[in-house]
Amino acid sequence: MQTRLELIHGDIMEAEVDAVVNPTDLVLSGGGGLDRVIRQAAGSEVDRACEEIRDFYGGCQTGDAVITTAGSLSVKHIIHTVGPIWVGGGIGERKLLESCHRECLQLAVENGIQSIAFPAISTGTFRYPLDKAAPVALTAVKEFVEYARRNGDQVPELIQFFLFQEEAYLFFLKALSDLGFRLFCFLGEEK
């Protein structure tokens, strides 16, 4: 089975998937941007889960991801990831952004998640330029799926990018086109 990759101009809070990706900070604070929106909607159960992760692991490092319940959301899980803060591109921001996407997908695989929705990680509060973030994100996802398929590993059947701002949607659409795909595509070879 192939993986369907979709770009959606819309609000990730309306995603009908097993898991949504929440771009957060090192201490899983729920303090700003989309992180605050997701955490407020998810409620205290997710706040407690994030506190436990913070107490036990000290938080989440840049480029890593952790998974929690989704609390009051209609999805089953929230995968929290810490994207890089853009400071010009010279301190490994690209590798860290790639890692965010790979780590989220790896957690999805480990937890039997069949559908996942990503936002444009790091492009808001962390100022990663959209024209640079879009190809990094899409290439990381494409390479993860193709590698997993070649090795016979499971991957989610549906991967969506929810892009709230039109500008983000257009940059992701261009990046997808530059990879040789259309608005949605299938990744991996048919088995």
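1. Starting with the largest pocket in this predicted model: its volume comes out at about 640 Å³. A pocket here is an open set of points on a 1 Å grid over the protein atoms alone, where a 1.4 Å probe fits, with protein on both sides within 12 Å along at least five of seven lines. Points are joined across faces, edges and corners, and the volume is the space filled by probe spheres set on them.

2. Lining residues have an atom within 4 Å of a point. There are 28 of them around the largest pocket, and P23, G33, L34, A120 and G124 are the closest to its centre. Helix 1 (33–42) and strand 6 (158–163) are the elements that give two or more residues to this lining, with helix 1 providing the largest share, four residues. Helices (H or I, at least four residues) and strands (E, at least two) are DSSP runs, numbered from the N terminus.

3. By class, the lining of the largest pocket splits into 14 nonpolar, eleven polar and three charged residues. Nonpolar covers Ala, Val, Leu, Ile, Met, Phe, Trp, Tyr, Cys and Pro; charged covers Asp, Glu, Lys and Arg; the others, Gly among them, are polar.

4. The second largest pocket holds about 160 Å³. Helix 3 (93–110) and helix 4 (130–150) each give at least two residues to its lining, and helix 4 contributes the most, five. Residues lining this pocket include E98, R102, F144 and Y147; the class count is six nonpolar, two polar and four charged.

5. Housekeeping: residues are numbered from 1 along each chain as its sequence is written. Local features need pLDDT of at least 70, side-chain atom pairs count only at pLDDT 80 or more, and totals for chains, interfaces and linings use all residues, while side-chain values use heavy atoms, leaving out hydrogens and water.
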